[in-house]
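Notebook open, structure on screen. I wanted to look up how the parts of this chain sit against each other.

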Amino acid sequence: MNKSVFLGAMAFAGLAAGVASAGTLDDVKSRGTLNCGVTTGVVGFSAPNAEGVWEGFDVDVCRAVAAAVLGDSTAVEFVPTTPKTRFTALSAGEIDMLSRVTTWTLSRDADLKFTFVGVNYYDGQGFMVPKELGVSSAKELDGATVCIQTGTTTELNLADFFRTNNISYEPVPIETVAEAQQQYLAGACDVFTTDASQLASTRATFETPADHVILSDIISKEPLGPTVRHGDDEWADVVRWSYNTMVAAEELGITSANVGTMSASATDNPEINRLLGHEGNMGEMLGLDPQWAARILSAVGNYGESFERNLGGQSAIGLARGLNALWTEGGLQYSPPVR
């Protein structure tokens, strides 16, 4: 290779490296808007309200990141995705992050090259049937027609469960929860299976929820969490610690109601002081300013507030915390130390 060709190749390589190293954090700051992938509509997790404003448990994670990075929790472009389109949208850079009831698995981590920054909901796959069917166990569903979202872990889990129990089923493929609800209520399938939380969310929208039973069988582990692309650790840290802030705040007793007062001056608790910018340089480590965490909590509240508002006792769904209680309350939720 002659010298000019070599130098040209080196220059191109340098340009390519510069493009590759351009981080999502800088892109979001420059754009002034966070592009966040959500569902096409799962009440309690991500769905537009009557005024067309997106609300939900997963939506709160998007708004937390926007508050931290842009200083405005409303600076979010919500991009509805289906189980089939969600990963393509993330890989292609159409969205900056995915926050839509997505299960963390080995293949999605290692093969699809996504980084799950945490588990914001510990779930498991369940079954919903009409009460009049008289079924009390999923093992009694031999020969049933089952509405199942394609391109999901639930599709694979279903096949494993029926094969293991030596029973058969007829799949009724659907792409969205709305389609599943329509088909199920129309009698096109005997059973709807998905994450148990989504079944509760769906049943809560029915005209007569009591006519439908969510069976006690849980056939899988479904750790759901926000997701970003591999290879951008700085951005992954921002999304991870935006979520962790909500969990840590609940344990530390910081709420949307008192964060203003607690942010005004240092407290006797060093971890609270670090989180709220009175000690250390946590914001600087993330490429953010010292008030990043306070803005998150002012906008969406702590983990417990978000859970109760969207999924718990303050919602129509009424889910118990269960595994999603804090570790101090017998659950699995806790944040790594803020230090």
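I looked for salt bridges (a side-chain nitrogen of Lys or Arg within 4 Å of a carboxyl oxygen of Asp or Glu) across the interface of domain 1 and domain 2, and the rule finds zero. This is a predicted model, where local features need pLDDT of at least 70, side-chain atom pairs count only at pLDDT 80 or more, and totals for chains, interfaces and linings use all residues. Residues are numbered from 1 along each chain as its sequence is written, and side-chain values use heavy atoms, with hydrogens and water left out.

Next I checked the bounds: domain 1 is 24-120 + 225-329 and domain 2 is 124-221, from an automatic or database domain assignment. Their C-alpha centres lie 29 Å apart.

How many residues touch? I got 16 residues of domain 1 in contact with 15 residues of domain 2, contact being heavy atoms within 4.5 Å.

Then I looked up the buried area (accessible area, 1.4 Å probe, that two parts lose on being put together, summed over both). Between domain 1 and domain 2 it is about 1200 Å², and carbon and sulfur atoms give 61% of that. On the domain 1 side, V42, P83 and K84 lose the most area to domain 2, together 32% of what that side buries.
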